[in-house]
Amino acid sequence: MKKTFYFILVSVLVVASCKKDESNPVAADKIPLAPTLAAPNDTSSNIAVPVILVWNESNGAASYTLQVATDSSFSSLVYSQKGITATSQQIPLLDFLSPYYWRVNATNSVGTSGWSSVRSFTTGALPLIKPLSAGPVRITNKKLEVDYDGDGVYEPYYVKGAAYSITPIGDKPITSTLEDRGIQYLKYMNANTIRTYGIPGKTMLTKMAAQNIRVIAGFWVETSYDLSLLETRQKVKDDFAKMVIDLKDNPGVLIWNLGNEQNYVNGNNANWYSLCQELAIVAYQIEGEKYHPVCISNGNIYNIGSASMKANDASLTYIDLWATNIYELNLTPRFETYRTKTNKPLVITEFGIDALDNRIQQEYETTQSVIDSMNWSQILSASDVVLGGTVFEYTDEWWKAGNSQSHDPGGYATGAHPDGYSNEEWWGMIAVTPDVNGDGYDEWRPRQVYYMFARNWK
Ligand SMILES: [Ca+2]
Ligand SMILES: [Ca+2]
Ligand SMILES: [Ca+2]
Ligand SMILES: [Ca+2]
């Protein structure tokens with residue numbers, strides 16, 4: 001009885017003291033004073049990108065406006081942000097070795113202060129050798145390591161997962177219920193990773209992270225782009241910067257993956273690989289030393305190591321690893337060649353075969369499971385350089401041939417499959433068929449390959 005009374009008394013005191021702080025009389029009736037700037041010191045040089053600017057709290061301020069410009073009269077703004085409630089801000093995308101000026105004012109319900117005094121700083125150079133990441137994901141000695149709990153201790157991470165592109169029959173929208181089902185089936189499969197083709201949604205990323213599933217986040221590059229055009233390159237960089245700024249602090253992100261098999265379409269040239277290096281530097285301008293690894297999605301291992309394609313290690317100093325989509329019954333010879341081309345590790349972002357035997361137009365899911373299992377053994381045997389893989393693909397997609405309402409056998413001939421044919425709508429580890437129980441959602445049936453991986457990935 002006595003203890004309870006004491007506890008209530010303390011609670012009341014805490015509430016009372018909070019209330020007192022909130023009703024600060026200074027805040028209510030005057031414009032706040034202009035803030036004073038704290039860091040970096042005026043005329044500092046060699047400030048690491050991304051720069052963090054810090055100012056002192058202005059009594060009574062509700063929020064701050066921060067401006068950064070390339071001139072002291074602030075006519076060429078590179079950053080301008082209202083409504084900042086903290087007293088520091090990280091500025092993405094500043095150039096290296098460049099001078100900048102900055103100032104801050106304070107606002108509350110009464111009005112806005114004058115500007116602070118102006119300070120200048122000069123940014124440092126891009127490090128010649130990309131430093132080891134201090135962020136949640138890093139690559140060291142060709143191994144992937146993560147520290148999502150932020151305790152400074154990194155744990156090894158081996159990629160086990162699926163190329164993820166859920167598309168309901170008839171191109172129906174993807175609802176949050178369907179996303180949850182997608183995550184649940186990944187959990188049952190003991191997968192820890194998905195690979196997306198486009199920019200993953202923030203909500204989905206957060207939900208994935210809560211289940212310890214991380215995302216190789218795809219940055220789609222239109223295959224129609226002429227990558228030799230400066231304005232096109234700038235647009236791609238701007239779009240990528242938006243993605244990185246938006247998602248960099250989300251615990252779902254594992255790796256940024258640039259393009260998809262661009263070397264089979266508009267990127268079989270040095271313009272593509274040099275753009276990838278520039279994109280990786282853009283990511284560094286935003287994330288700095290806490291960067292996520294950046295990889296290039298490549299078709300097979302073609303061009304890797306080529307100096308004339310600018311796809312050699314000396315040209316790709318800010319690319320951390322390669323990603324490959326590779327379809328071969330035996331991957332081992334490719335891995336042997338790969339080791340002679342680059343010192344970067346490799347993640348497999350697509351492999352396997354589809355589940356339809358084109359010769360008899362019937363599913364041969366045992367064969368799919370056997371071949372995917374063989375590929376997985378080959379991947380495991382190359383663990384000195386291969387960091388794991390995502391199987392192509394998670395669920396059947398009915399839109400790829402014929403119409404999106406019918407399961408069509410269309411595809412293309414290939415020597416890499418026992419039936420000599422890739423049936424594009426039958427690649428799922430999970431078979432998708434129309435809704436029969438009336439809940440509005442397609443039926444999902446894991447194929448043998450799903451259970452094979454679930455056992456392997458335990
Ligand atoms: Ca840790
Ligand atoms: Ca179809
Ligand atoms: Ca087939
Ligand atoms: Ca259903």
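Tyr 273 is found in helix H6 of this predicted model. Because 27 C-beta neighbours lie inside 10 Å, Tyr 273 counts as buried, the cut-off for that class being 20 or more. Leaving aside neighbours within four places in sequence, the contacts of Tyr 273 are Met 309, Lys 310, Ala 311, Ser 315 and Leu 316. Of these, Lys 310 is 37 residues away from Tyr 273 in sequence, yet the two C-alpha atoms are 5.8 Å apart in space.

**Helix H6 and its packing against H5**

Helix H6 comprises residues 270-287, and helix H5 comprises residues 230-247. The two helices pack at an angle of about 35°, and their axes are 10 Å apart. Their crossing is right-handed. On the H5 side the contact is made by Arg 233, Val 236, Lys 237, Phe 240, Ala 241, Val 244 and Ile 245. On the H6 side Leu 275, Glu 278, Leu 279, Val 282, Ala 283, Ile 286 and Glu 287 take part. Classified by residue type, this contact has ten nonpolar and four charged residues, with no polar ones.

**Strand E16 and its partners**

Helix H6 also lies on the path between two strands: the chain runs from E15 through H6 to E16, forming a right-handed β-α-β crossover. Strand E16 covers residues 294-299, and five of its six residues are buried, so the strand is largely enclosed by the rest of the structure. E16 pairs with E15 and with E17, as set out below.

| Pair | Residues of the partner strand | Sense | Bridges |
|---|---|---|---|
| E15 and E16 | E15, residues 253-258 | parallel | three bridges |
| E16 and E17 | E17, residues 321-325 | parallel | five bridges |

**The chain as a whole**

These elements belong to a protein chain of 458 residues, of which 37% count as buried. The secondary structure of the chain comes to nine helices and 25 strands. Along the principal axes, the C-alpha trace spans about 80 × 70 × 40 Å. Among contacts between residues at least 6 apart in sequence, 71% join residues at least 24 apart. The pair Tyr 273 and Lys 310, 37 residues apart in sequence, has a C-alpha to C-alpha separation of 5.8 Å.

Conventions: Residues are numbered from 1 along each chain as its sequence is written. Chains are lettered from A and ligands numbered from 1 in the order in which they are written. This is a predicted model: local features need pLDDT of at least 70, side-chain atom pairs count only at pLDDT 80 or more; totals for chains, interfaces and linings use all residues. A residue is buried if 20 or more other C-beta atoms lie within 10 Å of its own, exposed if 12 or fewer, and partly exposed in between; C-beta atoms are placed from the backbone. Helices (H or I, at least four residues) and strands (E, at least two) are DSSP runs, numbered from the N terminus. Two strands pair if DSSP finds at least two bridges between them. A crossover is right-handed if, with the strands pointing away from the viewer, the path from the first strand over the helix to the second runs clockwise. Axes are lines fitted to C-alpha atoms, for helices over the stretch in contact, and angles run from 0 to 180 degrees between N-to-C directions. A crossing is left-handed if the near helix is turned anticlockwise from the far one by less than a right angle, and right-handed if clockwise. Two residues are in contact if their C-beta atoms, placed from the backbone, lie within 7 Å. Ala, Val, Leu, Ile, Met, Phe, Trp, Tyr, Cys and Pro count as nonpolar, Asp, Glu, Lys and Arg as charged, and the others, Gly among them, as polar.
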